[in-house]
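User: Please examine the structure shown below and answer a series of questions about its packing and backbone geometry.

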Amino acid sequence: MPRALITGITGQDGSYLSELLLAKGYEVHGWVRDLSKVPSSRIAGWRHRLVLHEGDLEILGTGQLRDATVRAAPDEVYHLAAQSSVAASLARPSPTFEVNVTGTQRLLEACRACTPVPRFFHASTCHVFGNPDHAPQNEETPFRPVNPYGHSKAQATQWLRECRQRDGLFLVNGICYNHESPRRDPSFVTARICAAAARISRGDRRPLTLGSLTARRDWGDAREFVAGFWASLQADAPSDYIFATGRSHSVEDVLGAAFRSVGLDWREHVVLDSGLARSEDPTTLVGNPERALRILHWRASTRLEDLIGEMTRVALAAGR
């Protein structure tokens, strides 16, 4: 039975990945900050099938992390835990670097103590590209981050590239573009839009307030992305991969899809506030997933319209 260790297992991606690996016959270990919160988390329904370890990667000492990782003895490590909020990174850049850079370094050093050293997947982000000078971006596009979150992930991604080249370890950076699902954290704009459309359709006519609608993103389905994460560690050789749809959409497209799914026109329910727009956000990011298709036979196939419609219907059923 192959054994995997997932950091960030209670998050959107971690929860879907844990389900996928269990279905494939893995013994799945996961890091959680607080075991007492697991019963109300995304993994509550299959928690009994997981081996969970409690600890905060931001504060765990290297020795503690090493000992726990050696005990888990994973064949594969999926490092999904991160401080991924751009707003939080702007407000508190130092903790962002502590989690995203130092935490990644500590975890890899813990993995080095295992025999053999496990294959290692690091969830990077399209924010490493910032405002690139061309589109779509690929794995060779220069890093030009424009916020602390992007800077921290760029540093961690580059460090893993150097370790892979220098030490010959099986290290993969998955450069992930935006990916959504009904399990998306409610603070993200897609989840906020879907929840607002559901709320308004139930008769609550308070408007949804947003900043700019012109920003464009490459939005995919988280369930398809985690399948790519797994596939990247089954390849013959390690590499970096863009996980993206290759299609660009605007926030206005998301609004249209969400409100259409409940029979409403978003223009009647959305208020724009330019003060909410952040100059530190990238404006146009779209990825070229050709390498993932060629080597991993991975493709993102879910249409944004269908995904956002599903998220809105789930929010409506849940009363969110």
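Analyst: Contact means heavy atoms within 4.5 Å. Helices (H or I, at least four residues) and strands (E, at least two) are DSSP runs, numbered from the N terminus. This is a predicted model, in which local features need pLDDT of at least 70, side-chain atom pairs count only at pLDDT 80 or more, and totals for chains, interfaces and linings use all residues. Residues are numbered from 1 along each chain as its sequence is written, and side-chain values use heavy atoms, with hydrogens and water left out.

User: How are the axes of helix 1 and helix 7 arranged, roughly parallel or oblique?

Analyst: The axes, lines fitted to C-alpha atoms over the stretch in contact, with angles running from 0 to 180 degrees between N-to-C directions, come within 9 Å and cross at roughly 60° for helix 1 (residues 12-23) and helix 7 (residues 222-232). Angles under 35 degrees count as roughly parallel, over 145 as roughly antiparallel, 65 to 115 as roughly perpendicular and the rest as oblique. Helix 1 is therefore, relative to helix 7, oblique.

User: Which residues have the most contacts inside the largest nonpolar core?

Analyst: A nonpolar core is a set of buried Ala, Val, Leu, Ile, Met, Phe, Trp, Tyr and Cys residues joined through side-chain atoms within 4.5 Å; buried means under 20% relative accessible area, exposed over 50%, and partly exposed in between (1.4 Å probe, protein chains only). The largest such core has 35 residues, and helix 7 gives the most to it, with 5 residues. Those with the most contacts inside this core are Tyr78, Phe121, Phe229 and Phe243.

User: How many residues of helix 8 are buried?

Analyst: Helix 8 (residues 251-260) is mostly covered, and what covers its buried residues includes helix 6 (189-201), strand 13 (270-272) and helix 10 (304-318). Among the buried residues is Gly256, which counts as such because its relative accessibility is 6%. Of the 10 residues in helix 8, the number buried is 7.

User: Which residues of helix 10 make the contact with helix 8?

Analyst: Helix 8 and helix 10 pack at an angle of about 55°, with their axes 8 Å apart. Helix 8 contributes Asp253, Val254, Ala257, Ala258 and Arg260 to the contact. On the side of helix 10, the contact residues are Leu304, Glu305, Ile308 and Thr312.

User: What is the omega of the peptide bond from Ala135 to Pro136?

Analyst: Pro136 is found in the loop between strand 5 and helix 5 (148-167). The peptide bond from Ala135 to Pro136 is cis, with omega near 0°.

User: Where does Pro116 lie?

Analyst: The bond from Thr115 to Pro116 is also a cis peptide, with omega near -5°. Pro116 is placed in the loop between helix 4 (93-112) and strand 5 (119-125).

User: Is His297 buried or exposed?

Analyst: His297 lies in the loop between helix 9 (290-296) and helix 10. Its phi is near 60°, a positive value in a residue other than glycine. Because its relative accessibility is 68%, His297 counts as exposed.
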